[in-house]
Amino acid sequence: MDTQPNTEFTLNLLILITRMVAQSDYHAINQLGIRKDQIEKLQSLTTQQLQQMALITQSRFVSIAFDSAALDAAIVLGNQRVAVQNTILALLDGGASNAIMRKLFGVTLNEISEMRRFIELPKLDGRPLTPTENQVQALWQVWQEPDFPKTSAIAKQLLYLYDKTGVRINIIWPLLQEWLKDRREDPVFA
């Protein structure tokens, strides 16, 4: 059996453990089953010594096991978080204001600024413009389409309207809020 993958894994794990010690992450180290005296010994080793330790992985001082149910849950959660992150970036790219992002996702101004820099968006222009009559009509037509995702989250509705009309999200937001309010008050939809 080729020991190279085991050696690489063990070396990277040992280096990670020494980093965790440097960051005082003793809880995680204890969960790995490493004693305090072993932590102190690992801390004093050079990179070359860690590499030599990794070469003797055939002694199997490291074993990793995954909890299948927890891994499945982590995969689902990871996919959901990536989907939310992509939605946030798409909304920002479509012109969503800080207030909209805070309302929909609870993100801080600092987080929004970091994401805006990440996707290289210019500074916000300030207050949104009032929609033109043509924009309102175009948005209303899309809102009435049978394919409009009426049961989806507001973020998806905003993106749908933006994609179909090109009207900036910060202009769509107040109109969509009004239309949703009217729909909730309509006895047919209540």
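**Methionine 101 and the cores.** I began at methionine 101. Leaving aside neighbours within four places in sequence, methionine 101 is in contact with Ile88, Leu91, Leu92, Ala96, Gly106, Val107 and Ile112. I keep in mind that this is a predicted model.

Next I looked up the largest nonpolar core. That core has 29 residues. Leu91, Met101 and Leu158 touch the most other members. The most comes from α10, which gives eight residues.

I also found a second, separate core. It has twelve residues, and among them are Ile17, Met20, Val21 and Leu42.

**The chain as a whole.** I stepped back to look at the fold. Read along the sequence, the pattern is α-α-α-α-α-α-α-α-α-α.

The chain has 190 residues, and 27% of them count as buried.

I then turned to contacts between residues at least 6 apart in sequence. Of these, 54% join residues at least 24 apart.

I picked threonine 10 first. It is found in helix α1, which covers residues 4–22. Is threonine 10 buried or exposed? Its relative accessibility is 4%, so it counts as buried; the cut-off for buried is under 20%. I checked one distance from here. Threonine 10 and leucine 50 are 40 residues apart in sequence. In space they are 9.1 Å apart, C-alpha to C-alpha.

Threonine 87 came next. It lies in helix α5, residues 68–93. At 13% relative accessibility, threonine 87 also counts as buried. I looked for a partner for its side chain. A polar atom of the threonine 87 side chain lies 2.9 Å from the backbone oxygen of alanine 83. Which residues does threonine 87 touch, not counting those up to four places away in sequence? I find Phe105, Ala155, Lys156 and Leu159.

**Salt bridges.** I searched the whole structure and found four salt bridges. Side chains of opposite charge can pair when their charged atoms come close.

Arginine 35 meets aspartate 37 through their side chains, at 2.9 Å from N to O. Arginine 35 is partly exposed, with a relative accessible area of 47%. Aspartate 37 is partly exposed as well, at 31%.

Aspartate 37 has another partner in lysine 41. Their side chains meet in a salt bridge at 4.0 Å, N to O. Why are lysine 41 and aspartate 37 separated by about one helical turn? Because they are four residues apart in helix α3. Lysine 41 is exposed, with a relative accessible area of 54%. I noted that Arg35, Asp37 and Lys41 are linked in a network of salt bridges.

Lysine 36 pairs with glutamate 40. Their salt bridge is 2.7 Å, N to O. These two residues are four apart in helix α3 (residues 36–43), so about one helical turn separates them. Lysine 36 counts as exposed at 62% relative accessibility. Glutamate 40 is partly exposed, with a relative accessible area of 44%.

**A nonpolar patch.** Last, I looked at the surface. Which residues form a nonpolar patch there? I list Phe9, Ile64, Phe66, Leu71 and Ile75. Together they have about 510 Å² of accessible area.

I followed up phenylalanine 66. It lies in the loop between α4 (47–55) and α5. Its relative accessibility is 65%, so phenylalanine 66 counts as exposed. The cut-off for exposed is over 50%.

Note on methods. Residues numbered from 1 in each chain as written. Predicted model: local features only at pLDDT ≥ 70, side-chain atom pairs only at ≥ 80, totals over all residues. Heavy atoms only, no water. Buried < 20%, exposed > 50% of the residue type's maximum accessible area, 1.4 Å probe, protein only. Polar contact = N/O pair within 3.5 Å; in protein donor to acceptor, adjacent residues only side chain to side chain. Contact = heavy atoms within 4.5 Å. Patch = residues over 30% accessible without salt bridge, like charges linked within 9 Å, V, L, I, M, F, W, Y side chains within 5 Å. Areas by Shrake-Rupley, 256 points an atom, 1.4 Å probe, with all protein chains shown as cover. Core = buried A, V, L, I, M, F, W, Y, C linked by side-chain atoms within 4.5 Å.
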